[in-house]
Amino acid sequence: MKTVKLIALDLDGTLIPESQRVSLKDAHAVRRAQAAGIPVVIATGRLYPSARVWLSALDIHTPAVCCNGADIREGARSVYSSTIDPAQLKEAYRALCGFRAKKYVYCVDNIYCSKEDFDAVLFHKWGKKELARGLVGYRDGPDEILGAAGSSAVKLVMRTPDEKEHAKIEEIAGAMEYFDVVKAEATHIEFTRRGTNKGAALKRIAAGMGIAMRDVLAVGDSMNDYEMLRAAGTGVAMGNAMREIKNIADDITLPVWESGVAHAISRHVFGEDAAFEAVLGTE
């Protein structure tokens, strides 16, 4: 078993199931690792305002990787930001306007979109309290959305369940060499500045802590976790992970609804496979 000195965890589909409730086993495992002196880093596609409720609930105070690595936070303070050039964002946004896909421009602390692109499922996930605090700013049309984002945009998200549209969007995106494009969820295609990903952000954080990447355990489920799992000494895919993530992982744990994070920590940090249920108990 490799030595683990730092743990990096994705949120949605990894720690957070569709119920939007972290299991008691996963929460216990995270706290147990921290009590053993192993810092835990959250690495998510979410904005910090949407992620901080989970950081607080799990008592995590290490730097957080947000927006697929485009924003690194120490509490409310952004210590690293990889913004998209406004001209390049405008080119991408306008090139994709012909699709039915809903579009969201993520800045460091808020999101801009049209009222027509309201999505009850997605917005519920971001958090009702944060929505009430102005997490989402509605604007009329591309010019107002892009104008509001200005030079502070860190991610462009396209959301559609239409697989044919996905293929066409990815084809257009492939011609834009200044973006990294990932399919973060089954319905999401996300654009960040070239070279911006969770793996690069995690390397920054680990270096700042004096921890070698070979001593990092990373757990994730989707394509925006790809670089993170590749960069870590031990990359673990969730049981519900995309096929591509399972293919490059060093190990596959249980699905999110079976507390896969707890199982991964039990196995790779404490070497307690056989004692998993006894150590963590039942909910």
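This is a chat about a predicted model of one protein chain.

Biologist: Before we start, what counts here, given that this is a predicted model?
Modeller: Because the model is predicted, local features need pLDDT of at least 70 and side-chain atom pairs count only at pLDDT 80 or more, while totals for chains, interfaces and linings use all residues. Residues are numbered from 1 along each chain as its sequence is written, and side-chain values use heavy atoms, with hydrogens and water left out.

Biologist: OK, how many helices and strands does the chain have?
Modeller: The chain has 12 helices and 14 strands, where helices (H or I, at least four residues) and strands (E, at least two) are DSSP runs numbered from the N terminus.

Biologist: What share of the residues is buried?
Modeller: Buried residues make up 55% of the 283 in the chain, with buried meaning under 20% relative accessible area, exposed over 50% and partly exposed in between (1.4 Å probe, protein chains only).

Biologist: Which helix is largely enclosed by the rest of the structure?
Modeller: That is helix α11, residues 260-268, which is largely enclosed because 8 of its 9 residues are buried. Among the buried ones are G260, V261, H263 and H268.

Biologist: What about S259, where is that found?
Modeller: S259 is found in the loop between β14 (251-252) and α11, and at 3% relative accessibility S259 counts as buried. Its phi is near 60°, a positive value in a residue other than glycine. Most residues other than glycine have a negative phi.

Biologist: Which loop holds D59, then?
Modeller: D59 lies in the loop between α2 (48-57) and β3 (64-66), and the phi of D59 is likewise positive, near 60°. At 45% relative accessibility, D59 counts as partly exposed.

Biologist: Switching topic, how do helices α3 and α6 cross?
Modeller: The axes of α3 (residues 86-95) and α6 (residues 141-149) come within 11 Å and cross at roughly 150°, the axes being lines fitted to C-alpha atoms, for helices over the stretch in contact, with angles running from 0 to 180 degrees between N-to-C directions. The two helices are therefore roughly antiparallel to each other, a label for angles over 145 degrees, whereas those under 35 count as roughly parallel, 65 to 115 as roughly perpendicular and the rest as oblique.

Biologist: Which residues in α3 and α6 meet?
Modeller: L89, K90, Y93 and R94 in α3 meet P142, D143, I145 and L146 in α6, where contact means heavy atoms within 4.5 Å. The residues of this contact divide into 5 nonpolar, no polar and 3 charged.

Biologist: Last one: is D225 buried or exposed?
Modeller: D225 counts as buried, at 0% relative accessibility, and is found in the loop between β12 (216-220) and α9 (226-231). Not counting residues up to four places away in sequence, D225 touches D10, K198, G220 and I245.

Methods: Ala, Val, Leu, Ile, Met, Phe, Trp, Tyr, Cys and Pro count as nonpolar, Asp, Glu, Lys and Arg as charged, and the others, Gly among them, as polar.
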